[in-house]
Amino acid sequence: MNNWLRKHPQVRTIRVAAADLNGQPRGKRIPTRFADKVTTEGTRFPFSVLSLDIWGEDIDDSPLVFETGDRDGVLKPTERGFMPMPWLDAPSALLPIWMFHEDGRPYGGDPRHALRAVLDRFKARGLTPVCAVELEFFLIDDSGRNLQIPISPRSGKRRKAAETLSIRALDQFDAFFTDLYDACEEMDIPADTAISEAGLGQFEINLMHCDDALRAADDAWLFKMLVKGLARRHGFAASFMAKPYEDYPGSGLHTHFSVLDQDGNNVFDNGGDEGTDMMRHAVAGCMQAMPGSALVFAPHANSFDRMVPGSHAPTGVSWAYENRTSSIRIPSGNHKARRIEHRVSGGDVNPYLMLAAVLGAAINGIDDGLEPPAPITGNAYAADLPQIPGDWSSAIDLFEKDPAVARIFAPELIRNFVLTKRQEVHYMAELTPQEQVEIYLDTV
């Protein structure tokens with residue numbers, strides 16, 4: 001692992017960082033000369049740090065703080081190793097880490113371990129999920145009182161219009177996107193197609209499919225960090241918040257997944273358009289867990305502003321073939337690539353928790369042999385469907401007690417996430433909408 005540092009002698013400092021429950025990177029800045037100690041022994045900080053609220057504050061009633069003396073966990077490097085941080089001026093390296101107990105047991109409150117535990121269930125069945133994510137985000141000029149699209153570096157103009165699939169919109173920020181793709185290459189993040197979306201200054205970049213879901217979540221987490229940091233170097237903000245503008249669509253983080261058997265065969269492919277029994281079982285599992293997992297897919301106060309009828313953000317629990325109004329879509333195309341697209345998440349999610357919730361629900365359905373209702377046709381918003389929770393407090397309550405969620409996440413993660421979100425509900429109620437946007441703009 002330290003070979004990377006030897007090949008990059010210009011790097012003088014490293015950051016060690018783990019994802020907390022909100023997806024925020026938490027860690028330390030360390031001189032490069034102490035890298036050997038970090039890679040061999042790890043580093044330490046309190047278990048409570050992975051459960052801080054969106055402001056970075058301790059949770060008032062958490063048993064992880066005063067009740068247990070705010071004990072330390074041991075944080076060790078993930079298999080990702082060192083990588084550059086192209087958004088910083090000084091040459092620096094990032095080392096992703098995750099948390100363990102003193103005796104080496106994984107810490108159940110770490111979101112990366114939550115995904116690893118779900119993948120262990122697939123592995124026990126001889127199955128491997130293959131995942132890809134689509135990330136939507138906004139480029140924003142936040143220098144004034146009101147948010148607006150940045151002035152184009154090319155034209156010097158501010159074009160206040162939606163630009164769905166516009167080459168012109170991409171070209172207006174060509175310098176940013178060129179730097180972004182170069183930085184993804186440096187960090188080994190598999191960025192693929194970029195498009196402009198329907199929101200004001202909204203874009204989407206797809207990350208290539210990967211047969212290591214932990215790496216796919218790493219890529220999404222690192223990509224969000226990179227986009228936000230690099231945008232600031234270009235003089236504007238980038239945000240994955242679900243709904244920065246009231247009059248424009250919000251940002252989603254859709255995920256596509258298929259499942260391979262031990263011989264590398266796609267177990268969702270039956271040679272035709274309809275897919276296999278196992279695909280239907282996975283769909284049924286995703287539908288069963290969807291209401292209870294809404295807090296993962298919509299974790300913030302602003303998240304629920306995106307989830308309104310007619311906005312391309314699902315509000316009902318449904319599935320369909322080639323239908324973007326449904327919450328679960330089976331895309332058309334070559335049967336060998338038969339897969340499930342889960343469309344509920346906003347761009348503001350923690351990618352580790354999101355993939356754990358989606359894949360954990362799928363393996364629940366596969367284990368139980370669940371059957372979904374008939375796929376819908378037409379406009380899902382006009383159909384009489386079971387509903388995804390439409391407000392933050394209801395989503396918290398359901399996440400806490402839903403039996404499908406209890407099969408996916410460790411009890412301590414469920415407890416920690418619920419306590420964190422209830423504290424955020426309390427303090428967010430004291431803020432104006434503008435103050436809430438200021439919090440979410442840079443954090444999520």
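**Close-up views of a predicted model**

**View 1. The second largest pocket.** L147, P244, P433, Q434 and V437 lie nearest the centre of the second largest pocket, which has 20 lining residues. This is a predicted model: local features need pLDDT of at least 70, side-chain atom pairs count only at pLDDT 80 or more, and totals for chains, interfaces and linings use all residues. Residues are numbered from 1 along each chain, and side-chain values use heavy atoms, without hydrogens or water. A pocket is an open set of points on a 1 Å grid over the protein atoms alone, where a 1.4 Å probe fits, with protein on both sides within 12 Å along at least five of seven lines; lining residues have an atom within 4 Å of a point. Helix α14 gives the largest share of this lining, seven residues.

**View 2. Helix α11.** Helices are DSSP runs (H or I, at least four residues), numbered from the N terminus.

**View 3. The loop at G378.** G378 sits in the loop between α10 (351–368) and α11 (392–401). Beyond its neighbours within four places in sequence, G378 is in contact (heavy atoms within 4.5 Å) with N323 and T325.

How values were computed: Helix = DSSP H or I, 4+ residues; strand = E, 2+ residues; numbered from the N terminus.
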